[in-house]
Each structure stands twice: as C-alpha cells, then as structure tokens.
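The numbered points below may be read beside the sequence and the structure.

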Amino acid sequence: MDEHRIETPGSLGADLRALRKARGLTLAALAARLGRSVGWLSQVERDLSEPSISDLRQVAEVLGVPMSLLFGHASAPANEQGYVVRAGARRPMGSSEEGLIEELLSPDLTDDFEVIHSTFGPGSKMQRPAQRPTQEVGYIVSGRLDLSIGTSRFTVGPGDSFRFRGEPYAWANPYDTPCVAIWVIAPPVY
C-alpha cells in the first residue's frame, strides 16, 4: 500500500477528518487537545494507524460525539462500506437523554451533508433552544412535532417538511405517540 494514501470514504479516518474539519480544528489543534503528535493523528486520519479504544474514547470526548459513532464501520460488509447502511446497522448519534433517538443514515461523514433518522419519544422535549451554523431540512414520517424556529412556532405532522438556517430552534413532542423524522444537515455536525 502507498504510505501517502488518503483516507477512503466510509473509513474511520475519513469520519475523524470530517468531524475535525466540521469543528474548525486543524490537525495541530486537535493533536494538542489529545496530547498526541500531529504525525500520529495524520496517520489515523489516513487509515495508516489504528487508534486504541482509549484513544477513541478521548477523540470522541474532544469532538463531542458518542463513541458508538466511531464503531459503525466494522459492522458493514467491506463491499457495502461507504455505500449502504442496513436498517439494523445504523450508527447511534448523541444521547437519548431528552427522549430523542438519532441514527446516522449516511454511510459516513465525508459528504457536505449528513442524513439522520430521529425518533422523538412521546412527551419528550428539548431542554433548551440550540443554535448551530448549519442549514437543516426535516421531513416528518409519522407523528407530530412542535417546533420553535427563531420567533416562529409550528406544529408539523406526517408529510410536512421544514427548514432552518442558523436560527435558534427547539422541539417538543407533547403528544402520546412517537414522532419519526428524517433530517438533512449541512455541514455535518456529528
């Protein structure tokens, strides 16, 4: 293998590089936060070196992602990596503390966007509004969801879609049934 190869889409290294760039971090800045050399991190991002579990735990913490996000590559057959995500092999995103379960539908994080499958549990609510430098479009598959986007309030249901671009937003599902939504987020934030 060529020692100078660039990471391949669908690889752990490619996802780490995409996550680092999405957070505006240079190789040197992330390496410094991890207490590792730039060379080591560069090799990990190019899939020339495999990080230990302890390394992955620290990387996940610094990048603000769950460790489970970094393990999704091994579960896909080699010929499907980077192309197909099977229903039972979606990578979980974030935590479910607020009653929200998120799973990555995109095969990896190397695109200019990511696609997320979100299930908002009955009675769940975002604890405080968020704002991030993204453009996001959501499509409601089932259930209903109350949204706050900027100063506007909406209730959306099956077949409805919505968008926000950098505005503060919040969601709540005060209803008795789960709400399932598909989100497209650019640039990737997970």
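Which residue in strand 8 is the bridge partner of E136? The partner is F164; point 4 places this pair in its sheet.

1. Basis of the note. This is a predicted model, in which local features need pLDDT of at least 70 and side-chain atom pairs count only at pLDDT 80 or more, while totals for chains, interfaces and linings use all residues. Residues are numbered from 1 along each chain as its sequence is written, and side-chain values use heavy atoms, with hydrogens and water left out.

2. Overall composition. The chain has four helices and ten strands; these are DSSP runs numbered from the N terminus, with helices (H or I) of at least four residues and strands (E) of at least two. Read from the N terminus, the order of elements is α-α-α-α-β-β-β-β-β-β-β-β-β-β. Of the 190 residues in the chain, 41% are buried; buried means under 20% relative accessible area, exposed over 50%, and partly exposed in between, with a 1.4 Å probe and protein chains only. Contact means heavy atoms within 4.5 Å. Among contacts between residues at least 6 apart in sequence, 63% join residues at least 24 apart.

3. Two strands pair if DSSP finds at least two bridges between them. Strand 1 runs antiparallel to strand 2 (residues 100–104) and is joined to it by three bridges; R91 stands opposite L104 in strand 2.

4. Strand 5 and its two partners. Strand 5 (residues 135–142) pairs with strand 8 (residues 161–165) in the antiparallel sense over five bridges, and the pair of E136 and F164 belongs here. Strand 5 also pairs with strand 10 (residues 179–186), again in the antiparallel sense, over seven bridges. In strand 10, A181 is the bridge partner of I140.

5. Strand 6 (residues 145–149) and strand 9 (residues 169–173) are joined in the antiparallel sense over four bridges, and S148 has A170 in strand 9 as its bridge partner.

6. Helix 1 and its flanks. Eight of the eleven residues of helix 1 are buried, so the helix is largely enclosed by the rest of the structure. Those buried residues are L12, G13, A14, D15, L16, A18, L19 and R20, and they pack against helix 2, helix 3, helix 4 and strand 1. S11 lies in the segment before helix 1 and counts as buried at 9% relative accessibility. Although S11 and D47 are 36 residues apart in sequence, they are 7.5 Å apart in space, C-alpha to C-alpha. Just after helix 1, G24 takes a positive phi of about 70 degrees.

7. L30, A31 and L34 are the buried residues of helix 2 (residues 27–34). Seen down the helix axis, they fall within an arc of 100 degrees, so they line one face of helix 2; the arc is that of the directions from the helix axis to the C-beta atoms. Their cover includes helix 1 (12–22), helix 3 (38–45) and helix 4 (53–63). The exposed residues A32 and R33 are carried on the face turned away from the buried side. G35 follows helix 2 and has a positive phi, near 70 degrees.

8. Packing of helix 2 on helix 3. The two helices pack at an angle of about 110 degrees, with their axes 9 Å apart. Helix 2 is therefore roughly perpendicular to helix 3, a class that covers 65 to 115 degrees; angles under 35 count as roughly parallel, over 145 as roughly antiparallel and the rest as oblique. Axes are lines fitted to C-alpha atoms, for helices over the stretch in contact, and angles run from 0 to 180 degrees between N-to-C directions. On the helix 2 side, L27, A28, L30, A31 and L34 meet V38, W40, L41, S42 and E45 in helix 3.
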